[in-house]
Amino acid sequence: MRSKAIVLGILAALCIAAPFLLTGFWVRLITFTFMFAVLASALNIIAGFTGYAAFGNMVFFGLGAYTTAVLMTRVGFSYPPALLCSAAVAVAVAIVLGMLLLRLKGHYFALGTLGAAEAVKYIVENMTRITGGGQGITVPPLRGNPATINTFFYFMMFGLLIIILVVVWRVSKNRLGYAFKAIRANEEAAGVMGIDTTRYKITAWALSALFTGITGSVYAYWFTYIDAPTVFDVMWVVKMFVILLIGGAGTVWGPVIGAFILETISELVWSRFINLHLGILGLIIILVVLFMPRGIISLVSQGRGIKDLIPIRRSGAQR
Amino acid sequence: MLLQAVVNGLLFGAVYATIGIGFSLVWGVMNIINIAHGSFIMVGAYLSYTLYAVAGVDPFLSIPVVMTVLFVMAYVIQRFMLNRVVRSSVFITLTFTFGLQILIANVCLLIWSADYRSVKLPYSSAGFQIGGVVIPLVRLAIFAVALILTGLFYLFMRRTKTGIAINATALNFEGAKTVGIDVYNIYAITFGVSAALAGAAGCLISPIMSINPFVGGPMVAKAFVIAILGGLGSTIGALVGGMVLGLVETVGTVFIPSSYQELLGFSVLVLVLVFRPQGLLGKRFY
């Protein structure tokens with residue numbers, strides 16, 4: 001336990017020192033990795049812990065980004081209230097969509113969320129007056145020199161990551177987390193045990209949406225330009241799922257480990273083969289699914305041997 | 001105008017049925033949502049385009065070739081890769097087929113570039129009129145071929161030993177194993193047949209639609225709607241679902257501005273899921 005605390009302390013110190021030691025390129029890259037770690041952790045709450053494969057989670061990212069962008073440009077909000085509104089919108093939409101879609105299970109839920117996300121994307125794209133339509137929308141940038149701005153967003157994402165990790169860690173240890181896991185393991189049984197499954201599922205998704213929406217808002221302020229095809233891109237969710245698979249779904253640290261591994265691979269490989277960029281992502285997905293569907297973390301935490309990495313013809317894993 | 005839209009919708013609905021049947025077969029038998037199904041259609045369309053552009057083969061004649069190629073490709077994918085994880089969670093198989101879709105799209109992008117391609121048939125403008133409604137010959141032929149394929153598939157599932165084995169495996173995996181069915185081989189055949197039908201659909205759409213490496217995604221959404229509308233694994237259901245989707249799309253264009261077209265498809269998807277997840281005919285399995 002103590003050695004764990006020391007490792008965490010060293011990691012945290014490195015993360016805090018990093019933006020002052022590294023060049024802008026690396027700072028941005030790590031910021032981006034933090035962002036994916038946050039998004040994957042948020043997805044982990046609904047998909048990893050509760051067992052609902054929310055393939056449409058980008059809807060909250062997109063809505064968070066657009067809420068901030070629209071409020072800042074059209075209404076003249078400053079950033080902090082716009083951020084709060086983004087969070088509120090994401091949670092509200094999650095509750096409404098959750099009431100409709102969380103009755104569905106398995107594939108039906110996954111595809112239902114995907115359909116809802118695409119539908120929202122087209123609505124946003126067609127509200128040209130407000131959202132700028134296909135032209136996207138430009139957010140008033142933060143003033144200051146580029147290095148300071150880089151550092152600012154680095155710490156925004158880092159802070160967000162710390163917060164979500166603490167939340168997920170707390171949740172995984174308390175009633176809420178046990179309810180989520182019970183739902184994942186066997187929803188009927190959980191219901192019989194007196195868990196109000198609908199309420200807990202909506203809570204899980206709203207929590208997931210809260211962080212996804214906030215991340216979207218930070219992204220909009222950071223990139224200063226957003227358009228619907230980017231911020232509602234399904235590919236991001238796919239990447240998050242891959243991160244969860246690499247790192248280990250339903251664990252606190254899995255998404256962080258997964259995000260760092262995937263981003264490292266992407267830096268090493270994709271930047272050199274720009275034409276094969278997506279193809280290699282596809283290949284990684286296939287290989288990860290085939291050879292380590294339980295995630296790297298399962299090796300560490302449960303002391304599994306290398307042969308357990310090779311699956312599972314009939315592991316009746318969670319549904 | 002409305003009548004024309006109805007006719008167009010029904011004619012194209014048969015192609016949708018071909019698309020939906022394969023998708024719903026894989027889903028019904030193996031509980032896999034094959035996100036790459038759209039990519040199989042796209043590959044079929046590209047092969048048909050290439051055969052036409054290089055050797056002048058009519059898309060209708062290239063159907064058997066394309067179906068064979070896709071059958072083999074999908075059989076290999078299922079046999080050597082998907083079978084390893086097919087019995088695990090939804091989460092895993094869904095992610096796998098997503099990866100497959102991305103990979104196929106990228107390969108197509110490298111081979112055929114991002115330009116829109118379509119087959120320009122010399123007889124593409126031929127057609128006739130009945131009571132003010134224009135019926136293009138190509139679309140009629142596409143309709144007929146799609147119906148024939150659907151009929152053949154129906155017979156395959158009912159009359160052949162392999163088809164019955166597929167049904168048996170879908171109904172009871174352990175039971176099928178007990179009576180000596182090589183279930184993993186059946187899985188591979190199922191995936192192959194599904195891809196072959198997708199390939200045929202690709203050939204059929206190549207003369208009337210432009211394709212590029214990114215059309216796979218929207219196609220899957222449609223296949224999903226058709227499968228849901230018709231009920232899992234039901235051939236007749238897929239035919240009904242395909243016709244309904246064709247009608248909704250074409251009749252929709254009469255009343256709704258074209259920029260909302262895509263929205264319409266996805267809204268139908270969500271609404272059907274929420275209100276009628278058991279399908280229009282309310283029947284599951286065969």
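Which residues of helix 6 (residues 161–171) of chain B are buried?

Reply: This is a predicted model, in which local features need pLDDT of at least 70 and side-chain atom pairs count only at pLDDT 80 or more, while totals for chains, interfaces and linings use all residues. Residues are numbered from 1 along each chain as its sequence is written, and chains are lettered from A and ligands numbered from 1 in the order in which they are written.

In helix 6 of chain B, the buried residues are B:A165, B:I166, B:T169 and B:A170; a residue is buried if 20 or more other C-beta atoms, placed from the backbone, lie within 10 Å of its own, and a helix is a DSSP run of H or I with at least four residues, numbered from the N terminus. These residues lie on the same side of helix 6 of chain B because they cover an arc of only 135° around the axis, the arc being that of the directions from the helix axis to the C-beta atoms. Among what covers them are helix 1 (2–30), helix 5 (137–159), helix 7 (173–178) and helix 8 of chain B.

Leaving aside neighbours within four places in sequence, A:V38 is in contact (C-beta atoms within 7 Å) with residues including A:M157, A:L160 and A:F211.

Methods. Contact = placed C-beta atoms within 7 Å. Buried ≥ 20, exposed ≤ 12 C-beta atoms within 10 Å, placed from the backbone. Helix = DSSP H or I, 4+ residues; strand = E, 2+ residues; numbered from the N terminus.
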